[in-house]
Amino acid sequence: MARGTHWETMGGEIRELLRSDILAARWRPGAKLQVAQLSELYSTSTTVVREALTRLAGERLVQVRPNRGFFVAEYSLDELRDINELRCRVEEYGISLAIERGDLSWESALMASHHTLERTPRRRSDDPHHVNDAWFVAHRAFHAKLLEPCGLEVLTDLAAMLADSTLLYRQMVAPTSKAESRDIEGEHKAILDAVLARDSALAGQLLREHYTRTLEVIAAAEIHGGEAEPAATQGDAPSTRSPRAARSGS
């Protein structure tokens with residue numbers, strides 16, 4: 001029993017590290033994930049790596065191609081548009097329920113979450129072209145807090161999965177001029193104000209515009225369906241960031 005628990009714990013840790021590195025754009029969409037190389041990279045067995053990759057395939061972060069192996073999930077622009085539309089519809093409904101069911105304590109917590117996001121630098125001080133990990137954490141927390149009182153775990157889980165499915169692309173376009181010139185802080189403030197005003201229609205519309213602007217940045221960068229780069233070699237250092245740090249909300 002103890003042995004089984006040990007392997008489950010190890011498998012969960014490796015899955016989180018893999019998820020974190022995928023979402024942090026360690027590999028491009030479509031890159032092949034070599035099981036043997038990854039087992040050396042994370043100092044674990046190939047069995048644990050295969051199990052972790054299989055689980056991540058269930059989350060749509062990894063794709064399994066028959067007779068070819070595991071690859072970082074890759075989407076065409078049409079697929080990204082469909083994912084964005086589904087996310088917009090899911091969250092439009094979710095935010096309407098949240099506004100209907102959320103109480104004063106939720107409003108207070110949402111304002112606090114936004115304050116943390118607003119005060120956390122979006123760009124890294126050592127590399128202004130890329131996004132700060134702490135901002136990603138605050139960003140995801142704010143978007144999760146928006147939907148929290150809707151009371152539908154299946155909805156919030158789906159919203160998080162849809163967000164993760166495009167995060168790699170969002171990471172890759174961070175250095176572009178279109179991404180850098182965007183007023184994301186203003187977008188978040190407008191969403192917060194609409195929610196606090198209990199205006200469900202406006203909040204849903206602003207969320208849709210927020211996510212669609214992100215899609216437009218990705219489309220302009222023309223990275224969808226791009227050429228894949230090889231997976232990390234055994235000389236690469238594994239991620240030292242928190243496994244959840246790379247999971248963003250928009």
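This is a predicted model: local features need pLDDT of at least 70, side-chain atom pairs count only at pLDDT 80 or more; totals for chains, interfaces and linings use all residues.

Next, select helix α6 (residues 133–147), whose 15 residues reach 22 Å from the first C-alpha to the last, close to the 21 Å expected at 1.5 Å a residue. At the start of α6, show the side chain of Asn-132, from which an oxygen reaches to within 3.2 Å of the backbone nitrogen of Ala-134. Along α6, the buried residues are Trp-135, Phe-136, Ala-138, His-139, Phe-142, His-143, Lys-145, Leu-146 and Leu-147, and what covers them includes α4, α5, α7 (153–173), α9 (184–196) and α10 (200–221).

Now turn to the cysteines, including Cys-88, which counts as buried because its relative accessibility is 1%, under the 20% cut-off. Cys-150 is also buried, with a relative accessible area of 0%, and the structure holds 0 disulfides.

Finally, colour the protein chain by pLDDT, for which the mean is 85, with 85% of the residues at 70 or more. Confidence is highest in helix α5 (residues 104–119), at a mean of 98, and lowest in helix α1 (residues 2–23), at 75. End with residues 226–249, over which pLDDT stays under 50, and for which the model has 72 contacts beyond four places in sequence.

Conventions
Residues are numbered from 1 along each chain as its sequence is written. Side-chain values use heavy atoms; hydrogens and water are left out. pLDDT is the predictor's confidence in each residue, from 0 to 100. Helices (H or I, at least four residues) and strands (E, at least two) are DSSP runs, numbered from the N terminus. Contact means heavy atoms within 4.5 Å. The expected span of a helix is 1.5 Å times one less than its number of residues. Buried means under 20% relative accessible area, exposed over 50%, partly exposed in between (1.4 Å probe, protein chains only). A polar contact is a pair of N or O atoms within 3.5 Å; within protein, one must be able to donate a hydrogen and the other to accept it, and residues adjacent in sequence count only if both atoms are side-chain atoms. A disulfide is a pair of cysteine sulfur atoms within 2.5 Å.
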